[in-house]
Amino acid sequence: MQLTIEIPDDFAGHFRAGGTDLSRHALELLALEEYRNGRLTETELQRLLGFSTRYVLDGFLKTHGILIDDYTVDDLRREVATLERLGF
């Protein structure tokens, strides 16, 4: 699905000045909001944003002030198994 939004020119220049990919930034903000409101699971968020591991997702969430507090030993074991399968 492709989404198009209209931004007034004076604001568009402001967003471009940040040096980030505006499409990616918008996707991240939308995904974070959906996650915060309970409409996306951690697994869905990880997949939507293309993060290879939960560890990468955790770092992303921490930079946005969201902590994952239900990380279990089983989650760690799955991460280790994934990394081993990938040859790390």
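From the N terminus on, the elements of this protein run α-α-α-α-α, and the predicted model thus described holds five helices and zero strands, where helices (H or I, at least four residues) and strands (E, at least two) are DSSP runs numbered from the N terminus. Because the model is predicted, local features need pLDDT of at least 70 and side-chain atom pairs count only at pLDDT 80 or more, while totals for chains, interfaces and linings use all residues. Residues are numbered from 1 along each chain as its sequence is written, and side-chain values use heavy atoms, with hydrogens and water left out.

Turning to the overall form, the C-alpha trace spans about 50 × 30 × 25 Å along its principal axes. The radius of gyration of the protein is 16 Å, whereas a compact globule of 88 residues would have one near 12 Å; this radius is taken over C-alpha atoms, and the globule rule is 2.2 Å times the number of residues to the power 0.38. Buried residues make up 24% of the 88 residues, buried meaning under 20% relative accessible area with a 1.4 Å probe, protein chains only.

Two packed helices are described by the angle between their axes and the distance between the axes. The axes of α2 (residues 22-36) and α3 (residues 42-49) come within 10 Å and cross at roughly 175°, the axes being lines fitted to C-alpha atoms over the stretch in contact, with angles from 0 to 180 degrees between N-to-C directions. The two helices α2 and α3 are therefore roughly antiparallel to each other, a label given to angles over 145 degrees. In this pairing, Arg24, Leu27, Glu28, Ala31, Leu32 and Tyr35 of α2 meet Glu42, Leu45, Leu48 and Leu49 of α3, contact meaning heavy atoms within 4.5 Å.

Note on methods:
Parallel < 35°, antiparallel > 145°, perpendicular 65-115°, else oblique. Buried < 20%, exposed > 50% of the residue type's maximum accessible area, 1.4 Å probe, protein only.
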